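Keep the sequence and the 3D view open as you read.

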Amino acid sequence: MSSGEQTGLLLPEGMEIKGAIKPGYERVLSKDALEFLAGIARRFEKTRLELLATRETRQRKWDAGALPDFLPETKDIRTGDWRVADIPGDLQKRWVELTGPSERKMVINALNSGADVFMTDFEDALSPVWANIVEGQIALQDYWRGELTFTDPKSGKYYEVGPQPALLLVRPRGWHLPENHIFLDGKPVAGAFVDFGLYFFHNVKAILAKGTGPYFYLPKLESHLEARLWNDVFIHAQEMLAIPAGTIKVTVLLETLPAAFEMDEILYELRDHITGLNLGRWDYIFSFIKVLRNKPEYTLPDRQQVVMGKAFLGAYARLLVRTCHRRGAFAMGGMAAQIPNRREPEINEQAMAAVKKDKEREVREGCDGSWVAHPDLVPVAREVFERLMNGDNQLSMMPSGDPVTRDDLLETHRGSRTEEGLRTNIRVGVQYIEAWLRGIGAVPLYNLMEDVATAEISRTQIWQWRKHGAALEDGREVTSKLVDELLEDEMTRLREALGPELYDSGRFPEAIGIFTSLTESDELAPFLTLPAYALL
């Protein structure tokens, strides 16, 4: 469908809706909301595209031999004496944050989980099929209206939000992703504009009436200039709806290697709107591989050996806590991706122990809170914070030790590369992409909750090993031939495990095609979601 007449909607001049319009979608896609969205897109799209082009320019320099480093032109910001704006009271205690897709039933369960914060996701944990995007917005509208309920069509079970829900934060898509179902002036609108604009327009007044604020998580920023663009969008949006400046509050996911060298600058650009930075460890590993892809000396070991507290991940965490606390901002810990396994008590016990250890490390390092991927992990993480924290947060805690240098942020983890590590990357990568193509963005695999970030690690690590002819611990070189052999074997095993009927009814041929093209291409694709999006 491509016009207002065909969709039954009243559309702004120059806008086309290319997705099916189901009953209720008009609530999200109202004329006023789409006018607001069009205003944002027309004003800021040129800058967004320029910033994406800047990413490519910087990458070419790194590919040619340069290394990421702290910016000399912003030294005054790093050495200056300034702090971010005051943080609202309901954001002062963020010990346990649960994340998950913006799907109606999951939103209700997450709000009722006992977490301090629920970050509902339009990005890595949500496959951006049209229905997921629009119905996610409807669910959030219903929540702020006090009307969010769900009746399971299979079981008949009724779900509603309890009396003490978690504080709601929303993650829009990153700057790179389009929304191919909304076109403006002949081009798709950025997913980031869609997710932020529709949520803010429809809900900000109801949110403020309930005594809280429009709070967001911002993903995949690569520079302070990208943070500046978000800040400009916030200023514009607040002005358009007559909302006081600084009402919007955000936490930035520090999940790219280039951004690690611009932590102060990102906080500074967003200083009227920001509350902290988050250790987005999985995307950060992906970014480390992507940025340093042409340099064989930065080839990583098995993903399971690239752990927090060591090498570049340890340095990144120390710098983030130190930088945030110096500026009066929160340092939020990373994701515990383990999920319960009730059928295997021993494995479940190991998973819970790993979560506990991870959160204890984060508290010791100075983090003010942390993430978990499953509601059953909320009490495990909360026990750690209750036992080790001396208040709502640790803003006064400054890590000791020497300053974090460029070399610290580039120190490669040591370890081995194994056939099992290669097989794990194949299994996780293909199965995740297959689920994503079916509209599922948060996928439980092998006792971990996987999202786009971990699939990105899987495919970029194989690409890196193959490109540089990395050797496995048994001496074999990682080649396209070896990867293809293991891929065929893993898919044969998977078909047997799932059963031919289930496997053959899925989208495995397409997922295998995408995965193979990404791992065997001469150039490393920046995001797997861009070629995969064309197949949704």
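## Nonpolar cores

A nonpolar core is a set of buried Ala, Val, Leu, Ile, Met, Phe, Trp, Tyr and Cys residues joined through side-chain atoms within 4.5 Å. Buried means under 20% relative accessible area, exposed means over 50%, and partly exposed covers what lies in between (1.4 Å probe, protein chains only). This is a predicted model, in which local features need pLDDT of at least 70 and side-chain atom pairs count only at pLDDT 80 or more, while totals for chains, interfaces and linings use all residues. Residues are numbered from 1 along each chain as its sequence is written, and side-chain values use heavy atoms, with hydrogens and water left out.

The largest nonpolar core holds 143 residues, and those with the most contacts inside it are Phe 193, Phe 196, Trp 230, Leu 254, Leu 270 and Leu 277. Helix 3 (residues 31–63) gives the most to this core, with 11 residues. Helices (H or I, at least four residues) and strands (E, at least two) are DSSP runs, numbered from the N terminus. A second, separate core has 33 residues, among them Ile 433, Leu 487, Ala 525 and Tyr 533.

Setting aside residues up to four places away in sequence, Leu 270 touches Leu 218, Ala 227, Trp 230, Asn 231, Phe 234, Val 250 and Val 252. Contact here means heavy atoms within 4.5 Å.

## Helix 7 and its kink

Where is helix 7 kinked? The kink is centred on Asn 203 and amounts to about 55 degrees, where the bend at a residue is the angle between axes fitted to the seven residues ending there and the seven starting there.

Now for its length. After helix 7 comes Gly 211, with a positive phi near 80 degrees.

## Aromatic pairs

The structure holds 22 aromatic pairs. Rings of Phe, Tyr and Trp (its six-membered ring) pair if their centres lie within 6.5 Å; planes under 30 degrees apart count as stacked, over 60 as edge-to-face and the rest as tilted. The rings of Tyr 199 and Phe 216 have centres 5.6 Å apart and planes at 90 degrees, so this pair is edge-to-face. Tyr 199 lies in helix 7 and Phe 216 in strand 9 (residues 215–218), so the pair ties together parts that are 17 residues apart in sequence. Tyr 199 is buried at 0% relative accessibility, and Phe 216 is buried at 1%.

Phe 288 and Phe 312 make a stacked pair, because their ring centres are 3.8 Å apart and their planes are at 5 degrees. Phe 288 sits in helix 11 (residues 281–291) and Phe 312 in helix 12 (residues 311–326), so parts 24 residues apart in sequence are tied together. Phe 288 is buried, at 0% relative accessible area, and Phe 312 is buried at 0% too. One aromatic cluster includes Phe 36, Trp 175, Tyr 199, Phe 216 and Trp 230.

## Cysteines

How many disulfides does a search of the whole structure find? The count is zero, a disulfide being a pair of cysteine sulfur atoms within 2.5 Å. The sulfur of Cys 324 has its closest cysteine sulfur in Cys 367, and at 9.1 Å that is too far for a bond. Cys 324 is buried, with 0% relative accessible area, and Cys 367 is buried at 0% as well.

## Loops and positive phi

Pro 128 lies in the loop between strand 3 (117–121) and helix 6 (130–145), and at 9% relative accessibility Pro 128 is buried. Leaving aside neighbours within four places in sequence, Pro 128 is in contact with Ile 133, Arg 173, Trp 436, Tyr 533 and Leu 536.

Asp 185, in the loop between strand 7 (178–184) and strand 8 (187–190), has a positive phi near 55 degrees and is partly exposed at 47%. Ala 311, found in helix 12, has a positive phi of about 45 degrees and is buried at 16%.
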